[in-house]
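Here are some friendly notes to read with the model beside you. Please keep the structure open while you go through the points.

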Amino acid sequence: MGEEIEKEATDTRRVTRLIRLPEVQQRVGLGRSTIYRWMAEGRFPKPVQLGGYAVAWAEKDIDEWIAGIIE
């Protein structure tokens, strides 16, 4: 029969949505240059490398950054 999956294991598993630069810009209201400058200054979340020159940000990181700005 099928294997039983522990409830705790499924509770901690979350899907992380990755978002590309145009969506990040729309959400935070900043331009590309400002985003990259603030990343270099440590004021904005860094993206994850997808391969080659492609990068994306974890949606959770952007949402947390926005919440921190609002506070």
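1. A term to begin with: buried means under 20% relative accessible area, exposed means over 50%, and partly exposed lies in between (1.4 Å probe, protein chains only). At 31% relative accessibility, arginine 27 therefore counts as partly exposed.

2. A word on where the values come from. This is a predicted model, in which local features need pLDDT of at least 70 and side-chain atom pairs count only at pLDDT 80 or more, while totals for chains, interfaces and linings use all residues. Residues are numbered from 1 along each chain as its sequence is written, and side-chain values use heavy atoms, with hydrogens and water left out.

3. Now the overall plan. The protein has four helices and three strands, where helices (H or I, at least four residues) and strands (E, at least two) are DSSP runs numbered from the N terminus. Along the sequence they follow the pattern α-β-α-α-β-β-α. Of the 71 residues, 25% are buried. The accessible surface comes to about 5700 Å², and carbon and sulfur atoms hold 51% of that; areas come from the Shrake-Rupley method with a 1.4 Å probe, and for residues only the protein chains shown count as cover.

4. How are the strands arranged? They form an open sheet in the order S1-S3-S2, with antiparallel pairing; two strands pair if DSSP finds at least two bridges between them. S1 and S2 (48–51) stand at the edges with a single partner strand each, so one side of each has no neighbour in the sheet. Strands S2 and S3 (residues 54–58) are joined over three bridges, and glycine 51 has alanine 54 in S3 as its bridge partner. As background, strands of a sheet pair through backbone hydrogen bonds, either parallel or antiparallel.

5. Next, the charged side chains. The structure holds seven salt bridges, each being a side-chain nitrogen of Lys or Arg within 4 Å of a carboxyl oxygen of Asp or Glu. Which residues are linked in a network of them? The members are Arg17, Glu23, Arg27, Glu59 and Asp63.

6. Glutamate 23 and arginine 27 both lie in helix H2 (residues 21–28), four residues apart, about one turn of the helix. Glutamate 23 is partly exposed at 24% relative accessible area, as is arginine 17 at 39%.

7. Arginine 27 also reaches another helix, through a salt bridge with aspartate 63 (2.9 Å, N to O). Aspartate 63 lies in helix H4 (residues 59–70) and arginine 27 in helix H2, so this pair ties together parts that are 36 residues apart in sequence. Aspartate 63 is partly exposed, at 37% relative accessibility.

8. Finally, look at the surface around leucine 18. This residue lies in strand S1 (residues 18–19) and is partly exposed, with a relative accessible area of 40%. Leu18, Val48 and Leu50 form a nonpolar surface patch with about 240 Å² of accessible area together. Patches are made of residues with over 30% relative accessible area and no salt bridge, joining like charges within 9 Å and nonpolar side chains (Val, Leu, Ile, Met, Phe, Trp, Tyr) within 5 Å.
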